[in-house]
There are 2 protein chains.
Amino acid sequence: MRRAVLATCWVLLGAVSVAALTALPNVCKTSVVTESGKKYRLAANASTVHWGYFFESLKPRLVIPSGSEVTVEMITHHAGDDPDKMIKGDPGVEDIYKWGASMNIPTRGASGQGDGVHVLTGPIYVCDAEPGDVLQIQILELVPRKNPRTGKAYGSNAAAWWGYQFRTPFKTGKAREVTTIYEVVEDADGAVYALPDYQFTYGNTTAYKGPLTASCVPKSGSIPDSNVKVPWAQNNKFAPNYDIPCVNGRQQFTGYAYPGVLTQHPTGTEDYSIRGKFVVPANLHIGNIGLAPKFKPAEAVNSIPPLPTGGNMDNRRIGKGATLYLPVQVAGGLLSMGDAHIAQGDSEFDGTGIETSITGRFKVTLHKKAKLPKTLRGLNFPLLENKNEWHIHGYAYGNYLTELNPPGQVFAKGASLDKAFEGVYRNARDWLMSAWDLSEDQAISLLTVACDFNVHQVVDGNWGLGVSIPKYVFRVGDKKRYKPAVICGSSTPV
Amino acid sequence: MRRAVLATCWVLLGAVSVAALTALPNVCKTSVVTESGKKYRLAANASTVHWGYFFESLKPRLVIPSGSEVTVEMITHHAGDDPDKMIKGDPGVEDIYKWGASMNIPTRGASGQGDGVHVLTGPIYVCDAEPGDVLQIQILELVPRKNPRTGKAYGSNAAAWWGYQFRTPFKTGKAREVTTIYEVVEDADGAVYALPDYQFTYGNTTAYKGPLTASCVPKSGSIPDSNVKVPWAQNNKFAPNYDIPCVNGRQQFTGYAYPGVLTQHPTGTEDYSIRGKFVVPANLHIGNIGLAPKFKPAEAVNSIPPLPTGGNMDNRRIGKGATLYLPVQVAGGLLSMGDAHIAQGDSEFDGTGIETSITGRFKVTLHKKAKLPKTLRGLNFPLLENKNEWHIHGYAYGNYLTELNPPGQVFAKGASLDKAFEGVYRNARDWLMSAWDLSEDQAISLLTVACDFNVHQVVDGNWGLGVSIPKYVFRVGDKKRYKPAVICGSSTPV
């Protein structure tokens, strides 16, 4: 998911000393490397997550050698949409959400105010990773996180102002923001699906109609800032009619505020009529997984727009059984992840998936620049592989950090499927030529007759499409019939 | 596929008498209806196809009652790309391609000049069909048409000037048009795939660089017109350096001319290096299948831009096992079809699929307006159903014939994925509300978390996207796991 308005602020972040990182290679040479093969775990709590940004100078929370298996807990930044179901009684989640007055997370967003939105676990430093290398991340398992108090898992689909539905007239009534809470259910045979539980609505959009029509545009430092105290433990909840300071005066903010803020449902809007209306097939995946991009050593990068190093791709194929390849731009790679979804269709239409806390298990392998296989040479976009397909990512701006100045313009200029289509075509064409020795004309014909272009997301500032390339096409002479991956539809996990 | 430049001409077509059609209901009441259950066949030849248009006043070539099974031969309009392989020795195809001097097809395009491009077999008049009804077309079988002389089937993928690759710089060399000829292969176990045979190239694009940069734009009456004699039997082939009259002077046309014209390969450009490079999984489908739209009784409608009544949807899911629902706008519906593909990926990127002559078998059922099931009420777009999904079509202009004046503007204004995305969203949202009693907010969440948006085509003037809606979501309480349709990827036919 995205948040655009605040994200145009790019402020220096001085929380971490760059010099402190120079000791890391020594760590790799001693204790860590000798433990190769060890299984690592990175639990999520206030000290192991960063909120709303990637940052090349952030202190690693875990150091692992190539070839390691690592388990990572990911906490949804939408847990505040129903704190009773998704926060209360889970110590790790409670720890993360007790920000505000205490602010026990050093910085909450790129500017210290929350430019981006995702709770990202990490970063993980991979020994020997250097710019020009490629990091391979195999997703071995994804498991919904059950609340230890209730034994249940829930997720939130927030149809908020950044969703596509605000770009075209509503069919009924006034424009409104509606959050749907889903329960995650696992059958005895292991099938996972989501059942809609209830909805609640921010119906009064008079004071705030979203980025296109806002009468009082919130700016950095307005919502929420350190004047807004919302620690969960104090029951001081963010809610409609709560006064929000605005740079140019005061503003009564009545809409969906900010992922990560505890939400007090607008009085009386809970609507349970959605129960029993439909059931959602699960396709557990990771919305935001990426390496720190090379930008400026003292400047963090917003977590919302996707990057060459991955990040907020919101591609529902990044699930169990898939392998992700990301180009390394900084020492150690600095892998972080979060924004997990129990389910999402291609487009992430209304602004979010079913945002759910999920724990993943991964195998992380480093490919050195000098020994890259042809499929990874010159990689300048996130590449995904599953059992039966290669999958190319493309965006309105392949690298908005270098193509736009200031980069924050991406939220206005990158909201285009037409631009993203050109981007993904060029990535796919170039990859087919480089990895498979096709001429340009051969690549164009193959893309046309055998490959599928699909919409990843229309909500992350830098809109994205993908191309699925069946591996079958290169198995010339193999007489097996082509079988698309089970996860080619919105399916249960393989 | 599309062709834009000529298509802006909308000329009266007086070839068929409207009055002659009034006798049809009587036909239905007598001989035809009493044959209900009979299996019909519509062979393709010069007298059973119309070329480049839909037309409400066209004389039906077949009259059938609802519930009939009908076999229809479809001939590719790209057979001229390799006449030896795709025309010679097949009497039906030869008959169709012997136009030109003899012009034994009354009109070749909407204006009599070839505004549209598709060879469409039909129209088929369905008894009792009236405006407001919905026609259901089940695709029972699709079989590639083998040339009786060679026993083989071939197809053509023409990467011509209307393809997307001309909208962005080529990576290597100058912009060029490359046609790839594919052989269709069927294994002993029934698996069907396509093998690239060779390519040929129109390399000199100096005189003609496509619609965006043409120095001398061809207009109606220029290429080809009655001054250009290209009957196959006379070996008078259209080729580079062939003089083409231009309205504002003469023009040496050196590019891909027109589907339906016999192509003499530019000397020495045949390139066989593509053999063995890859294999294409087949997904036999129909690119263009639709009913005559209600427009003007004496004016035909270009066959290229897709319509509420279907037409040139170029959706690779319109294959065996799928059922298409089209709203009836004129008496009898007037069903026509062509533009069959042995394979195509989502986007039809370079301008065409693998264009192949295919014979289809269908069951045609009429749903009367007064007794429509909820899924078909108020239908104003083509709706597709397969075993596991509903599929919604949407376009930059839902009905460009009524939204644009003149309608030919669609080729300039409709070339936008961003517009098409808005169109398909609104169709899907409205259908979910109407067919499944969802509120708007429920429909928005369901579309986001369970449904996939995919690119159908970026080459047909009126660009199109689709949304796949799993039937699973409405089987609340059914504990079966969700299985996406086998044809959700570029797959072999089910």
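This tour visits a pocket, a symmetry axis and a helix. The model is predicted: local features need pLDDT of at least 70, side-chain atom pairs count only at pLDDT 80 or more, and totals for chains, interfaces and linings use all residues. Residues are numbered from 1 along each chain as its sequence is written, and chains are lettered from A in the order in which they are written.

**Stop 1: the pocket.** Select A:N380, A:G398, A:N399, A:E403 and A:N427. These lie nearest the centre of the second largest pocket, which has 17 lining residues. A pocket is an open set of points on a 1 Å grid where a 1.4 Å probe fits, with protein on both sides within 12 Å along at least five of seven lines; lining residues have an atom within 4 Å of a point. The volume is about 280 Å³, counted as the space filled by probe spheres set on the points.

Now colour domain 1 (39-375) and domain 2 (387-474) of chain A. Both contribute lining residues, so the pocket lies between them. The domain bounds come from an automatic or database domain assignment.

**Stop 2: the axis.** Show both chains. A rotation of 180° with 0.0 Å of shift along its axis superposes chain B on chain A, RMSD 0.0 Å, by least squares on C-alpha atoms of residues with pLDDT of at least 70 in both. The two copies are thus related as by a two-fold rotation axis. Select B:N454: of chain B's residues, its C-alpha comes closest to the axis, at 2.3 Å.

**Stop 3: helix α7 of chain B.** Select residues 440-450. 11 of the 11 are buried, so the helix is largely enclosed by the rest of the structure. Buried means under 20% relative accessible area (1.4 Å probe, protein chains only); helices are DSSP runs of H or I, at least four residues.

How values were computed
Side-chain values use heavy atoms; hydrogens and water are left out. Buried means under 20% relative accessible area, exposed over 50%, partly exposed in between (1.4 Å probe, protein chains only). Helices (H or I, at least four residues) and strands (E, at least two) are DSSP runs, numbered from the N terminus.
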